[in-house]
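Please look over the sequence and the model first, and keep them at hand while reading.

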Amino acid sequence: MSKIKLPVTRYYGSKRKLVERIWNGIEIKELKFDSVLDIFGGTGLFSYYAKCKSKQVIYNDIFRFNSIIGKKLIQQSSNELTLERAKNMLLPIEGIIYQNIIAKNFSGIYFTDEENYQIDIFVQNIDFLENENLKASAYYILFQSCIIKRPYNLFHRNNLNMRLNYKNGNFGNKKTWERSFSELFERFINELNEFCFDNDEENISLNSSAIQCKAQADLLYIDPPYFTSGSNTTYHSKYHFLEGLAHYSEIENNIDHNKKNKEITINKSLEFENKSTFLNDLEQLLLNHINSHIVISYRNNGVPNIEEMAELIRNVNNNFEVSITDLGNYGYALNRNNINNNEILIIAKNILL
Ligand SMILES: C[S@@+](CC[C@H](N)C(=O)[O-])C[C@H]1O[C@@H](n2cnc3c(N)ncnc32)[C@H](O)[C@@H]1O
């Protein structure tokens with residue numbers, strides 16, 4: 001059988017390299033399901049894989065920027081935005097008065113002044129696009145380009161200087177960071193043209209906290225933020241800037257000026273982002289889905305540990321037949337720190353389904 005080709009994403013915790021192993025792990029357990037709810041969707045790769053496998057897919061993520069990515073790859077089935085039109089959107093339209101929220105508030109933090117100016121113009125031009133397909137494509141290429149231009153692909157530090165003054169190490173990174181938005185747009189428009197497709201199902205993308213999400217499916221896939229015993233940076237802290245771009249007009253009322261990186265506080269939440277309340281959050285989530293099969297991705301060395309999570313599932317519903325599958329090492333084999341880091345799948349087969 002041919003391998004499923006997936007978009008290349010640079011998202012923290014992306015299951016790109018693991019999704020085939022995860023899917024095989026589910027198939028081995030002979031779960032019967034036609035629909036999937038990917039409740040911590042992220043880049044949407046699990047959803048995308050399920051879409052390729054002809055399932056009806058519901059994607060969800062707490063962040064609007066992610067749910068737009070889900071809308072593009074999962075809910076929609078084509079890309080209508082051309083490269084020429086995308087490049088033109090970096091230029092102001094005559095007669096329109098633009099705001100300069102990014103240029104004004106984020107100078108010297110994430111992108112150069114010229115790039116900030118282009119981001120301001122491009123985001124506001126999205127409003128002039130005539131349909132949701134064009135708008136989702138425009139956001140998609142903007143988010144992906146912003147991510148790829150950042151050191152470590154993250155926004156938790158104000159380290160533009162690191163990018164600009166980078167001398168040592170992998171020069172390939174520096175080259176990517178300095179590529180212009182219009183150059184990067186070409187890459188991501190091509191990606192959309194290649195990966196958008198229709199699987200003849202009604203797939204949707206939602207934007208809700210996991211516990212508040214009302215959707216139901218035969219199989220609930222849970223890929224939550226992962227904690228180690230040390231300190232952990234939240235997803236909000238890693239990607240707040242993109243969440244800001246997805247709420248452009250609200251940015252200025254939501255900047256934390258006490259933080260050096262001027263964190264944008266929109267959709268900041270502790271649900272599933274706090275180790276001490278994680279098991280409580282998980283219990284609430286499971287109670288919302290007792291009629292589904294449950295599949296959880298986690299790691300063998302995380303907090304809480306796998307056995308604590310498995311025990312919780314058994315207690316929530318007697319009809320869950322719980323098994324634990326070790327999918328093997330997820331890191332780079334050459335990195336000695338990763339030798340004992342294994343990706344684990346907890347599968348709760350609902351025997352009533
Ligand atoms: C481990 S990542 C998921 C990665 C995804 N499976 C992929 O392959 O890209 C966890 C995701 O959960 C989202 N998230 C964090 N807290 C959440 C919450 N309370 N409800 C819903 N989503 C949440 C984050 O935005 C992040 O995208």
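## The sheet and its edges

In this predicted model, 7 strands form an open sheet with mixed pairing, and their order is β3-β2-β1-β4-β5-β7-β6. The edges are taken by β3 (204–206) and β6 (320–329), each of which has a single partner strand, so one side of each is left without a neighbour in the sheet. On average, and with direction ignored, neighbouring strands of this sheet are turned by 15° against each other.

Helix α13 (residues 306–316) packs on the sheet, where it touches β5 (293–299), β6 and β7 (342–350), and the direction of α13 makes about 160° with that of β6.

## The enclosed helix α2

Helix α2 (residues 45–52) is largely enclosed by the rest of the structure, because 7 of its 8 residues are buried. The buried residues are Leu 45, Phe 46, Ser 47, Tyr 48, Tyr 49, Ala 50 and Lys 51, and they pack against α1 (19–28), β1 (35–38), β2, α3, α10 (181–195) and β4 (219–222). Just after α2, Ser 54 takes a positive phi of about 65°.

## Where α3 meets α7

Helix α3 (residues 64–75), one of the elements against which the buried residues of α2 pack, also meets helix α7 (residues 132–148), and the axes of α3 and α7 come within 9 Å and cross at roughly 120°. That angle makes α3 oblique to α7, and the crossing in which α3 passes α7 is left-handed.

On the α3 side, the residues that take part are Phe 65, Ile 68, Ile 69, Lys 71, Lys 72 and Leu 73, while α7 contributes Glu 132, Asn 133, Ala 136, Ser 137, Tyr 139, Tyr 140, Phe 143 and Gln 144. Sorted by class, this contact of α3 with α7 has 8 nonpolar, 3 polar and 3 charged residues.

Key
Residues are numbered from 1 along each chain as its sequence is written. This is a predicted model: local features need pLDDT of at least 70, side-chain atom pairs count only at pLDDT 80 or more; totals for chains, interfaces and linings use all residues. Side-chain values use heavy atoms; hydrogens and water are left out. Axes are lines fitted to C-alpha atoms, for helices over the stretch in contact, and angles run from 0 to 180 degrees between N-to-C directions. Helices (H or I, at least four residues) and strands (E, at least two) are DSSP runs, numbered from the N terminus. Angles under 35 degrees count as roughly parallel, over 145 as roughly antiparallel, 65 to 115 as roughly perpendicular and the rest as oblique. A crossing is left-handed if the near helix is turned anticlockwise from the far one by less than a right angle, and right-handed if clockwise. Contact means heavy atoms within 4.5 Å. Ala, Val, Leu, Ile, Met, Phe, Trp, Tyr, Cys and Pro count as nonpolar, Asp, Glu, Lys and Arg as charged, and the others, Gly among them, as polar. Two strands pair if DSSP finds at least two bridges between them. Buried means under 20% relative accessible area, exposed over 50%, partly exposed in between (1.4 Å probe, protein chains only).
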